[in-house]
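Have a look at the picture, then read on.

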Amino acid sequence: MSENNIKIQRNLWENPWGYVESFFIGFGLMVTGFFLEVFVSTSNTFTLSYPFNLIFLIGYVLVLFVLYKWFASTQIIRWLTKVPASITSIVLVTLLVMIMGIIPQIPSESNIITNLGLNHITSNWAFLLILFQFLTCLGLISIKRILQFKWSNFGFILNHLGLFLALIAGVLGTGDLQRLSINVYEGKPSWIATDAQKNEIELPFAFYLKDFIIDEYHPKLALIDNTTGSISHNNGKNLYLVEKGEKYTFKNFEVTVDEFLPNSGRIGDRYEKVNEIGSPPSAAITVKNIENDSIQSAWISSGSFRYPYESLKISDEYSMVMTIPEVKKFSSDIDILTKEGERISTVLEVNKPFKHNGWKIYQLSYDDKMGKWSDLSVLELVKDPWLPLIYIGIFMMIAGSFYMFWMGNKITKNQE
Amino acid sequence: MTWIDFPLYSSISISLWILGLLFLLISYKKESIFKFANLLFVAGWLTLILFVIKLWIELDRPPMRTLGETRLWYATFLPLIGFLTYIRWKYKWFLAYSIVMASMFLAINYLNPETYSKTLMPALQSPWFIPHVLVYLFSYAVLAASSIVAIKGWYDSYKGNFKMETLKLADNLVYIGFAFLTLGLLFGALWAKEAWGHYWTWDPKEVWAFLTWMGYLIYIHYRNFHIHKSQQALTILALAFVVLLVCWFGVNYLPVANTSVHTYTNY
C-alpha cells in the first residue's frame with residue numbers, strides 16, 4: 001500500500017505541475033487564509049501605508065525580476081509562468097469575488113460568515129493570498145514577455161502589465177487613500193473635516209460656501225389607490241411630469257394640467273406664487289371620468305418640510321397626488337481660503353470635482369430634509385497619491401483593448 | 001410623447017424583418033434572393049434607428065437608464081453585429097439569429113409598455129454616461145451572440161458534425177466582446193472617480209461585472225492553450241454567459257442588491 005501511495009504522489013507532483021497541482025496549491029493558500037481569519041484576531045485590517053507600501057512594491061518587482069532572471073529553471077517559477085497556474089489563479093480569484101457578489105459585505109449575524117470573514121472579502125486573508133499568487137503569476141509573465149520583447153507581444157504586454165499595475169497600485173494604495181467629508185454652511189468658513197472613523201481632521205485650507213443651489217425637475221403625477229396608498233399604474237414607474245397644458249390618461253381618467261407653480265402657497269381656496277422658504281410646488285388639475293363624463297377641478301401640491309401635501313380624491317378607489325420633485329442638479333458656489341491668504345472661487349457639482357493642493361474635492365450631498373432650501377452642503381475630499389500609477393495601468397488596458405479588438409485572436413488567424 | 005409611437009415603429013421593423021427572414025430562407029435555394037432579404041433587414045433597422053433618435057430628442061437625455069431602454073439598444077445593436085459578422089464570416093444563420101433576437105427584444109418592449117421617465121439623477125449626468133453604457137450594451141450583445149454559437153457547437157457535437165469553424169466564430173465574437181467589456185469596465189472606473197471619488201468600490205454591480213470579465217478571461221486563456229479541447233471551451237463560454245446574465249438582470253434579485261448604486265429601475 002505504501003508503495004502505491006508513493007507512486008501516486010510522485011505522479012501528482014511530477015514535472016511539470018499541471019492543473020491538479022495548481023488547484024492543490026491554490027486551495028492550500030485559501031485554507032491557510034481562512035485559518036488565519038478564524039484564529040488570528042482580525043479587528044484591524046491589513047494595510048501598508050507610505051513608505052512601506054512603496055518599499056514593498058519596489059522590493060516585490062525586484063524579487064519577481066530576480067526570480068525570473070536567475071531562477072527561471074526552478075520548478076516553482078516554471079509553474080508560475082505556465083498556463084495551469086494562471087487559469088487556476090483566475091478561477092480562484094473569481095470564486096472568492098463571487099462570494100463577495102452573493103454575501104452582502106456588511107456585519108452579519110451568521111457565525112460562519114463572520115468567523116471566516118466572508119463579509120469582508122477584500123481584506124480577507126484567503127483573498128489576499130490568492131490575489132498575491134495571481135499578481136505573482138501576472139508579474140512574472142509580464143516580465144517574461146517584456147524581456148523577450150517582440151512587436152507581436154505588444155498587446156499582450158499592454159493588457160497584462162496594465163492589469164498588474166492597476167491591481168497592485170489599487171491594493172497597496174488603500175493604505176495612503178484619504179477620504180474626508182466636511183459640512184459647509186452658507187456664509188460660514190469651515191476647515192474641520194471628518195474621516196470614516198469620525199475623527200476630526202483640521203484642513204490646511206478653509207471652505208466658504210457662498211451659495212448652495214438645487215435645480216429640480218417638475219414633480220410627477222401619480223394615481224394612488226386609496227386603501228393601500230400605493231401608486232396604481234405603470235407599476236409605480238415612469239410617472240408623468242407635471243407640465244402646464246399637458247393631458248394624461250390614467251386608467252379611465254383624463255387629467256389636464258391647467259396651471260403649474262414651482263413655488264407656491266395656499267391662499268384661500270387656491271395656490272398663488274410665493275417666494276419663501278419651504279413653499280411647495282402646486283398644480284391646478286381637471287380630472288374627467290371617461291366612464292360617466294363627470295368633471296372635477298382642484299389644486300394639488302406635493303407639500304414640503306413646512307407645508308402638508310394636498311391630493312385630490314377622484315373616486316372611491318383612487319386619488320391623484322403630486323410626488324416630491326426629483327433633484328436635477330445640485331452645486332455649491334464656494335471659495336477656498338488658503339493659509340497664505342489666497343482666495344480661490346469655484347463651483348462644485350456632482351461629476352465635476354475640483355482639484356486643490358493634492359486633494360480632489362467633490363460635491364457629496366446636502367440636507368435632504370430641507371431640499372432646495374438647504375444651507376448645508378456636504379463636500380468630500382479625496383487624496384490618492386497612487387492614482388497616477390493606477391491610471392497608467394488603466395490606460396494601458398484601454399490601449400490593449402483597442403489592440404485586441406483590431407487584431408483579434410491569434411489562433412483563429414493562424415489557422416485560417 | 002414619442003414612446004406612444006413605439007408600437008408603430010416596432011411593428012414596421014418587425015414586419016420588414018420577418019419578410020426579410022422569409023427571403024433569407026428562400027435564398028438557401030436561390031442565392032439571388034439574398035440581397036432582397038438584406039434590403040428588408042436594413043429598412044427595418046433604419047426604422048428602428050429613426051425611433052431611437054426621436055426618442056432621444058424627445059426625452060432630452062440618452063435613453064439608456066431603464067431595462068426597457070437597454071432592451072431597445074440591444075435590439076438596435078444586434079442587427080449591426082449580424083451585418084458585420086456576415087460581411088466578415090458569411091454566416092447567414094447568424095444574421096438570421098441576430099434579427100430574430102432583435103425582434104424578440106422589440107416584442108418584449110411592446111408587451112411591457114413604458115412611458116419613459118424624463119428625469120435623470122445628478123450622478124448620471126456625465127459625459128461618461130453614454131460611452132459607458134453603449135460600450136457595455138454592444139459588448140453584451142456580442143457576447144450573447146457568442147453563447148448562441150456555443151449552443152450551436154454543442155448541438156453539432158451532439159449530432160456528431162462539430163466543425164472547428166464554429167468555435168473560431170465564437171473566438172472572434174468573444175475577442176470583440178471582451179475588448180468592449182474591458183472598455184466598459186474601465187470607463188466605469190474613470191467615471192466613478194469623477195462622480196464618487198473612487199474608481200472601484202466593490203459595488204455589487206461592479207463585483208458581477210468583474211466576474212463576467214474574469215469568466216471570459218478564463219475562456220480566452222483556455223482557448224489559447226488548449227486549442228483542441230472544444231467541449232470544455234464551449235462549457236466555459238456558456239458558464240461565462242450565465243455570469244453575464246446575473247450581472248445584467250440577476251444582481252437586482254441577489255441579497256446584495258440594496259447596497260448597489262446601479263439599481264435605477266426602482267425610480
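At what angle do helix α8 and helix α9 of chain A pack, and how far apart are their axes? Helix α8 (residues 154-173) and helix α9 (residues 387-407) of chain A pack at an angle of about 155°, and their axes are 7 Å apart. Axes here are lines fitted to C-alpha atoms, for helices over the stretch in contact, with angles running from 0 to 180 degrees between N-to-C directions.

Before going further, some ground rules. This is a predicted model, where local features need pLDDT of at least 70 and side-chain atom pairs count only at pLDDT 80 or more, while totals for chains, interfaces and linings use all residues. Residues are numbered from 1 along each chain as its sequence is written, chains are lettered from A and ligands numbered from 1 in the order in which they are written.

Back to the helix pair. α8(A) and α9(A) are therefore roughly antiparallel to each other (the label for angles over 145 degrees; under 35 is roughly parallel, 65 to 115 roughly perpendicular and the rest oblique). Among the α8(A) residues that meet α9(A) are A:Phe154, A:Leu158 and A:Ala166, and on the α9(A) side the list includes A:Leu389, A:Met396 and A:Tyr403. Two residues are in contact if their C-beta atoms, placed from the backbone, lie within 7 Å. By class, this helix contact has 17 nonpolar, seven polar and no charged residues. For these classes, Ala, Val, Leu, Ile, Met, Phe, Trp, Tyr, Cys and Pro count as nonpolar, Asp, Glu, Lys and Arg as charged, and the others, Gly among them, as polar.

Now for the chains themselves. Chain A has ten helices and 18 strands, whereas chain B has eight helices and zero strands. Helices (H or I, at least four residues) and strands (E, at least two) are DSSP runs, numbered from the N terminus. The table puts some values for the chains together.

A compact globule of 416 residues would have a radius of gyration near 22 Å, but chain A has 31 Å. For chain B the radius of gyration is 19 Å, close to the 18 Å that the globule rule gives for 267 residues, so chain B is as compact as a globular protein of that length. The radius is taken over C-alpha atoms, and the rule is 2.2 Å times the number of residues to the power 0.38.

Buried residues make up 30% of chain A and 46% of chain B. A residue is buried if 20 or more other C-beta atoms lie within 10 Å of its own, exposed if 12 or fewer, and partly exposed in between, with C-beta atoms placed from the backbone.

Where do the chains touch? In all, 45 residues of chain A are in contact with 47 residues of chain B. α5(A) gives the most to chain A's side, with twelve residues. That side has 27 nonpolar, 13 polar and five charged residues.

Finally, a few backbone details. A cis peptide bond joins A:Tyr50 and A:Pro51, with omega about 5°, and A:Pro51 is in the loop between α2 and α3 of chain A. Phi of B:Trp202 is near 55°, a positive value in a residue other than glycine. B:Trp202 lies in the loop between α6 and α7 of chain B.
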